[in-house]
Amino acid sequence: MSRTDHGPLVDLGRERPQVSARARNMSPIVPRGSIVGSALVAVVAIMTFLASITTGTVLLVSASAAEWQSEVASEITIQVRPTPSRDVDRDATAVAEAVRTQSGILEVRPFSREESAKLLEPWLGSGLSLDDLPVPRVLVARVQPGSTIDLEMLRRRVTQAAPTASVDDHRAWIERMRSMTGATVVAGIGILMLVIVATIISVSFATRGAMAANRPIVEVLHFVGAGDRYIANRFLRHFLRLGLEGGVTGGGIAMLVFGFSESIANWFSGTPVGDQFAALLGTFSLRPSGYLILAVQAVVIAAITAWASRRTLFATLNDIE
């Protein structure tokens, strides 16, 4: 029987060998249940979880800081220090009347002597007699949203009513808060970059390991006419699936953590630890946009996994050739 009596085993005019879809699915180039694949899924899941926790924490801190800044910027604090030659209660009343005449002020709330002394309890404790201490009177003025206060004019009016009074618009505190928020965001971005780099390195090693384990098959495919793109696409689909599986697992666990964090915070509400964390991070609950960001981030990490695999694939195929 001559060679021409048989049809061609492989269509060399095409890039993909002529193999049935069922056979290709039953005998993949890259084993789907390999140890390398399982380990890579675990690595990507851990990396995605850490990235999601970092991103979620940054979002919580940023939202809480924005609320703090908005609340603090809407108030102005005036202190009236007592002196032996003046009646501090009369000075506080005069200052309150002077502040009310300022445009842009919605209301003025003077603190009584007892309320002013209670503000010192976190530092001095309760049950102390503050009669001999020069406890200042505190007044809080609420600013109308969107309005601009002439602080110089306000200070002049306040000092005319009471020479020992001082005005604090909390600008220094707000600047420190902005600096802290910016540092938190920068630290979060740095951690995300480290996670991405570690993911790329892990995927590169896993890809090279899979290519080394399947090097004889790759060489045979080259011999029968399969192109680099066909071989790379088989590996690419494999690692994209692993990346999506790991990203969905890690991102889903992180979303569950943030979903249950509000309930956990409610369990510790009323305790010193719970109150401190509530003051720092609010209710621990992410907004719907936050969960959307975490979902997009998981997909991005899966895409990075596929991209890193593709780059390593072509570099390894060039070495084989």
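Is R137 buried or exposed? R137 is buried, with a relative accessible area of 5%. Buried means under 20% relative accessible area, exposed over 50%, and partly exposed in between (1.4 Å probe, protein chains only).

## Model and confidence

This is a predicted model: local features need pLDDT of at least 70, side-chain atom pairs count only at pLDDT 80 or more, and totals for chains, interfaces and linings use all residues. Residues are numbered from 1 along each chain as its sequence is written, and side-chain values use heavy atoms, with hydrogens and water left out.

The protein chain averages a pLDDT (the predictor's confidence in each residue, from 0 to 100) of 77. At least 70 is scored by 78% of the residues. Residues 1–17 fall below 50. Beyond near neighbours in sequence, that stretch has 19 contacts (heavy atoms within 4.5 Å) in the model. Residues 21–27 are also below 50, with six such contacts. Where pLDDT is low, the predicted coordinates should not be read in detail.

## Fold and cores

The protein chain has 11 helices and four strands. These are DSSP runs (helices H or I, at least four residues; strands E, at least two), numbered from the N terminus. Buried residues make up 36% of the 321 residues.

The largest nonpolar core has 23 residues. Such a core is a set of buried Ala, Val, Leu, Ile, Met, Phe, Trp, Tyr and Cys residues joined through side-chain atoms within 4.5 Å. L40, I231, F235, F239 and L317 have the most contacts inside the largest one. α2, α7, α8, α9 and α11 each give two or more residues to this core. α9 gives the most, with six. I231 touches V218, L221, H222, A226 and L317, not counting residues up to four places away in sequence. Apart from this core lies another, of 22 residues, including L154 and A161.

## Salt bridges

The structure holds eight salt bridges. Each is a side-chain nitrogen of Lys or Arg within 4 Å of a carboxyl oxygen of Asp or Glu. D89 and R137 form one, at 3.1 Å from N to O. D89 lies in helix α3 and R137 in strand β3, so the pair ties together parts 48 residues apart in sequence. D89 is partly exposed, at 44%.

Helix α7 holds both E175 and R178, three residues apart. Their closest N and O atoms are 3.3 Å apart in a salt bridge. In helix α9, E245 and R241 lie four residues apart, about one turn. Their salt bridge spans 3.7 Å, N to O.
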